[in-house]
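Trainee: I would like to learn how to read features in a structure. Could we take them one at a time?

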Amino acid sequence: QNKNGVTLPLFPCPILAGLEGDPDLQFLLDGGKLVKIRSSSWKKARFFKLLEDCKTFWHESGKPFRKNQTFSIDDIDSVRMGRQSEGLNKHTDPSIDEQCFAIIFKGRKKNLDLMAASGQEAKQWVNGLEKIMTTMKNLSRQQNSEHWIINCMRKADKNDDNQMSLKELKHFLRQVNVEVDDSYAEELFKKCDTSNSGSLEGSEIKHFYDLLTHREEIDVVYGNSAETEGQMSDALKLIEKYEVDETAKQKNRMTKDGFLMYLHHEDGSILNPAHKDVYQDMTQPLNHYYMSSSHNTYLMEDQLKGPSSTEAYIKALMKSCRCVELDCWDGANGEPVIYHGYTLTSKVLFRDVIRAIKEYAFKTSEYPVVLSLENHCTVEQQKLMAHYLISILGDALVTRPLGNTMSKNFPSPEELKGKILIKGKRLNKVNASLNNNSTIDEDTVSEEDEAKSKIKLAKALSDIVIYCKSVHFNGFEHAKENQEFYEMSSFKETKAFNLAETSATAYIHHNMDKLSRIYPAGSRTDSSNYNPVPMWNVGCQIVALNFQTPSKEMHINQGRFLPNGVCGYILKPEFQRSLSSQFDPNTLTNGPWLQRKNFYVMVISAQQLPKLNKDKQKSIVDPLVRVEIFGVPADNASKETHYIENNGFNPMWNEKFHFDIHVPELAMVRFVVEDYDSTSQNDLIGHYCLPLTSVQNGYRHIPLLTKRGDIISSAGLFVHLMLIDAQ
């Protein structure tokens, strides 16, 4: 009980502690009616409420035979005030804008389009949700871990009596993904039940929690570190920053709790904190960077019958994708549309997509966005496309070379901050139009495109293609002799991979002063992806992937663009930018790129891995860890631990691996945790990928991501890493 005599829950909510007394949070806990909107005719009132774990939202279902529905705050990607979703924009009147809001979910879960009774109420729902999301995002790894365990305890307390019986303790252990035999569970229970009451309460549950979360491997690491006292030059700084015991701090000592606090902090993370924000030189020409790029951006699913949506553009841009594709076709009523031509995919209006791009292009990165136009429209609808691009994007659209003169190479991402570039066909050289000696009329036929067909091009659309003019590829020599730096080619993956294998050095030199875009083969109707690494190895900048498809290839892409502030641009290594370079990733002749390293990895343990089969109470994971290296062919490697039966809570491996690295600047490392299955393919539990050059040496906690690339808040790997020069 608290000082007012009120009985408090045994399992408190850490979020509640951070927002205690907040009126917006209390508003959500009290709940209220909202109108759920699915179409112009389907608008139904439903009761919504935040449950006391501060993590689960409950709402009633209209169907009597259907269970009332819940979703986790963890599942929410963002909350948008106003008619800012496709559904609300389409099915509601502008006059009720301030009453509307949308909950956007991660992955493919449909948006919740909602309307409150008043603008004030809508604001309270949105403010409350955003406060909880921000608080959860700012929880330390240790707090996330506590929150997860406390929630599992709450679920195990079936009769809500704030006590834990032996049966409930066994249920709890299954909840946290660990299988123990009955005798061990009974022994653990007896050890904690000091009152011999047959149930755990108060300090007994705290004792059980401490026993459960005690990490033997941390004791060992802490003991070893304590013995090296005097050898750590940064020890005093760490003690000052992380030590929780004031007495120890005054004596310049670090307790085990302080040490654990450091290991859980981002300073103790695998990603070098110096690489977390933009740290690279952003003043190099645009073609000196890899750019995070999306193919068929408009699709939410596959390429034959999946929906097209402005949401797909928003999701890609919010992941700092910097090149998006617009497949443009003639639509009804003279309005151009975007969809996958000659298929059953749904259509979305061109103007709606441009509005979404204008709104979301620079929310997560201020660096330039390229709109790659696949133009199949008639001249009349092309004129309308040009009108929408110019009128909606305004000053953000680059319609003339910077400084009104065409230089000999690209401007930099820094110079193009907040700017949008159009990639597409152009009727003449940019210099010609600047000299005012262009005599082009509206109906000029453009040169052949990649499909060997000719298309009429509207001058208004042609004129806004400045730095990314699409041209057919006729070989590296032809490009060197005839192409301007701003004239670029798109390569189907099969053509690009062939060139990368047979003419790697020529390809790298081509990309030193021009841009190249790679796109998946049309045969990938399921929107699967190719491996982007061989394309980066030859300096290709715009390596376009199906962002809508969670896959190993997208995990690698996410890892490549994780450093440098997740801004969507990564500076290429110097040997891919210097004209004197003779680098070939396939043969690896001597040169500055050859920096032999030894990479030592010890996979120690994992913590709080999620259950994969939540429907089966007794289903516990059998985890193993695989460490993969992706880079030049000589560096590609994969090694894995043994699997551990029935323990996702605190499995321990203590296995060591060694990798020979030849070109560290092009190497990526991916950690994969899987659930072993002897009869079928292993299931993915979590993964994490980053460039080898951004790895911090030493004992590190590695966060884990879902298949879709979202953080699993409670889970992690504990490893020891050493990347050192080879002798």
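Trainee: Is Lys 459 buried, partly exposed or exposed?

Mentor: Before the case itself, note that this is a predicted model. The general idea is a scale of relative accessible area: under 20% is buried and over 50% is exposed, with partly exposed in between. Lys 459 has a relative accessible area of 27%, so the residue is partly exposed.

Trainee: With which residue does the side chain of Lys 459 meet in a salt bridge?

Mentor: The general idea is a side-chain nitrogen of Lys or Arg within 4 Å of a carboxyl oxygen of Asp or Glu. Here the partner of Lys 459 is Asp 463, with 2.8 Å from N to O. Asp 463 is partly exposed, because its relative accessibility is 26%.

Trainee: How many salt bridges does that rule give?

Mentor: The count comes to 27 salt bridges. Another one is formed by the side chains of Asp 725 and Lys 597, at 2.6 Å from N to O. This pair links distant parts of the chain, since Asp 725 belongs to strand 26 and Lys 597 to strand 19 (residues 597-607), 128 residues apart. Asp 725 has a relative accessible area of 49% and is therefore partly exposed.

Trainee: Which parts does the salt bridge between Glu 640 and Arg 626 tie together?

Mentor: Start with the contact: the closest N and O atoms of Glu 640 and Arg 626 are 3.5 Å apart. Glu 640 is in strand 21 (residues 637-640) and Arg 626 is in strand 20 (residues 623-630), so the bridge ties together parts that are 14 residues apart in sequence. As for cover, Glu 640 is partly exposed at 40% relative accessibility, whereas Arg 626 is buried at 14%. Salt bridges with shared partners join Arg 626, Glu 628, Glu 640, Arg 670 and Glu 674 into one network.

Trainee: Let us turn to surface charge. Which residues form a positive surface patch?

Mentor: To read a patch, look for like charges joined within 9 Å on residues with over 30% relative accessible area and no salt bridge. A positive patch is made by Arg 108, Lys 319, Lys 707 and Arg 708. Take Lys 707 as an example: this residue sits in the loop between strand 25 (698-705) and strand 26 (711-725). Its relative accessibility is 49%, so Lys 707 counts as partly exposed.

Trainee: And which residues gather in a patch of negative charge?

Mentor: They are Glu 52, Asp 160, Asp 161 and Glu 201. Glu 201 is in the loop between helix 7 (182-192) and helix 8 (203-213), and this residue is partly exposed with a relative accessible area of 35%.

Trainee: What else is found in the loop between helix 7 and helix 8?

Mentor: Asn 196 is one of its residues. Phi of Asn 196 is near 55 degrees, a positive value in a residue other than glycine. Asn 196 counts as exposed, because its relative accessibility is 68%. Gly 202 lies in that loop too, and at 39% relative accessibility Gly 202 is partly exposed.

Trainee: Where does Val 566 lie, and what is its phi?

Mentor: Val 566 is in the loop between helix 22 (552-560) and strand 18 (569-571). Its phi is positive, about 45 degrees, although Val 566 is not a glycine. Val 566 is partly exposed, with a relative accessible area of 36%.

Trainee: Which residues of helix 4 are buried?

Mentor: An α-helix has 3.6 residues a turn, so residues three or four places apart point the same way. The buried residues of helix 4 include Ala 122, Trp 125, Val 126, Leu 129, Ile 132, Met 133 and Met 136.

Key
Residues numbered from 1 in each chain as written. Predicted model: local features only at pLDDT ≥ 70, side-chain atom pairs only at ≥ 80, totals over all residues. Heavy atoms only, no water. Patch = residues over 30% accessible without salt bridge, like charges linked within 9 Å, V, L, I, M, F, W, Y side chains within 5 Å. Areas by Shrake-Rupley, 256 points an atom, 1.4 Å probe, with all protein chains shown as cover. Lys, Arg positive; Asp, Glu negative; His and termini not counted. Charge placed at Lys NZ, Arg CZ, Asp CG, Glu CD. Helix = DSSP H or I, 4+ residues; strand = E, 2+ residues; numbered from the N terminus. Buried < 20%, exposed > 50% of the residue type's maximum accessible area, 1.4 Å probe, protein only.
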